[in-house]
Amino acid sequence: MMSEWFVEFYPADADKPEQPVYFDGFTATLSHIQSVRSRIPTGQLRVRVPERATGAERRRIREEGAIPN
């Protein structure tokens with residue numbers, strides 16, 4: 001079974017995202033967002049979160065500059 005959490009990076013000049021990166025939960029997903037964000041100043045990070053994700057988890061993802069879907 002594939003993880004419910006994944007991150008897609010949309011480069012600023014691209015129409016499609018790069019390959020998604022899958023994670024086993026919120027903590028690993030957030031860690032990835034933090035490490036990627038420091039290396040990529042432009043573009044958009046979109047995060048697929050499961051329906052059961054809490055409001056606090058979604059807020060934390062937004063605070064790190066990513067968009068929870």
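**View A. Helix 2 (residues 55-63) lies across strand 1, strand 3 and strand 4 and runs at about 155 degrees to strand 4.** The model is predicted: local features require pLDDT of at least 70 and side-chain atom pairs count only at pLDDT 80 or more, whereas totals for chains, interfaces and linings use all residues. Residues are numbered from 1 along each chain as its sequence is written, and side-chain values use heavy atoms, with hydrogens and water left out. Helix 1 (residues 26-37) lies across strand 1, strand 2, strand 3 and strand 4, at about 175 degrees to strand 3. Helices (H or I, at least four residues) and strands (E, at least two) are DSSP runs numbered from the N terminus. Axes are lines fitted to C-alpha atoms, for helices over the stretch in contact, and angles between N-to-C directions run from 0 to 180 degrees.

**View B. The sheet is open and consists of four strands in the order 2-1-3-4, with mixed pairing.** Strand 2 (21-23) and strand 4 (66-68) form the edges, each pairing on one side only. On average, neighbouring strands of this sheet are turned by 25 degrees against each other, direction ignored. Strand 1 pairs with strand 2 in the antiparallel sense over three bridges. Strand 1 (residues 5-10) and strand 3 (residues 44-48) also run antiparallel and are joined by five bridges. Strand 3 and strand 4, in contrast, run parallel and are joined by three bridges. Two strands are taken to pair if DSSP finds at least two bridges between them.

**View C. Strand 1 is mostly covered, with six of its six residues buried.** Buried denotes under 20% relative accessible area, exposed over 50% and partly exposed in between (1.4 Å probe, protein chains only). On one side of strand 1 are Trp 5, Val 7 and Phe 9, and on the other are Phe 6, Glu 8 and Tyr 10; both faces are covered. Val 7 stands opposite Val 21 in strand 2 and opposite Val 47 in strand 3. Phe 6 has Arg 48 of strand 3 as its bridge partner.

View D. The bridge partner of Val 47 in strand 4 is Pro 68.

**View E. Helix 1 buries Phe 26, Thr 29, Leu 30, Ile 33 and Val 36.** These residues lie on the same side of helix 1, because they cover an arc of only 135 degrees around the axis; the arc is that of the directions from the helix axis to the C-beta atoms. Strand 1, strand 2, strand 3, helix 2 and strand 4 are among the elements that cover them. Helix 1 has twelve residues and reaches 16 Å from its first C-alpha to its last, close to the 16 Å expected at 1.5 Å a residue. The expected span is 1.5 Å times one less than the number of residues.

**View F. Thr 29 and Leu 30 are both found in helix 1.** Thr 29 counts as buried because its relative accessibility is 0%. Leaving aside residues up to four places away in sequence, Thr 29 touches Trp 5, Val 7, Phe 23 and Val 47, where contact means heavy atoms within 4.5 Å. Leu 30 also counts as buried, because its relative accessibility is 11%. With the same exclusion, Leu 30 touches Arg 60 and Glu 64. Leu 30 and Arg 60 are 30 residues apart along the chain, and their C-alpha atoms are separated by 8.1 Å.

**View G. The largest nonpolar core has 15 residues, of which Trp 5, Ile 33, Leu 45, Val 47 and Ile 61 touch the most other members.** Strand 1, helix 1 and strand 3 each supply at least two residues of this core, and helix 1 gives the most, with four. A nonpolar core is a set of buried Ala, Val, Leu, Ile, Met, Phe, Trp, Tyr and Cys residues joined through side-chain atoms within 4.5 Å. Not counting residues up to four places away in sequence, Ile 33 touches Val 7, Leu 45, Val 47, Ile 61, Glu 64 and Ala 66.
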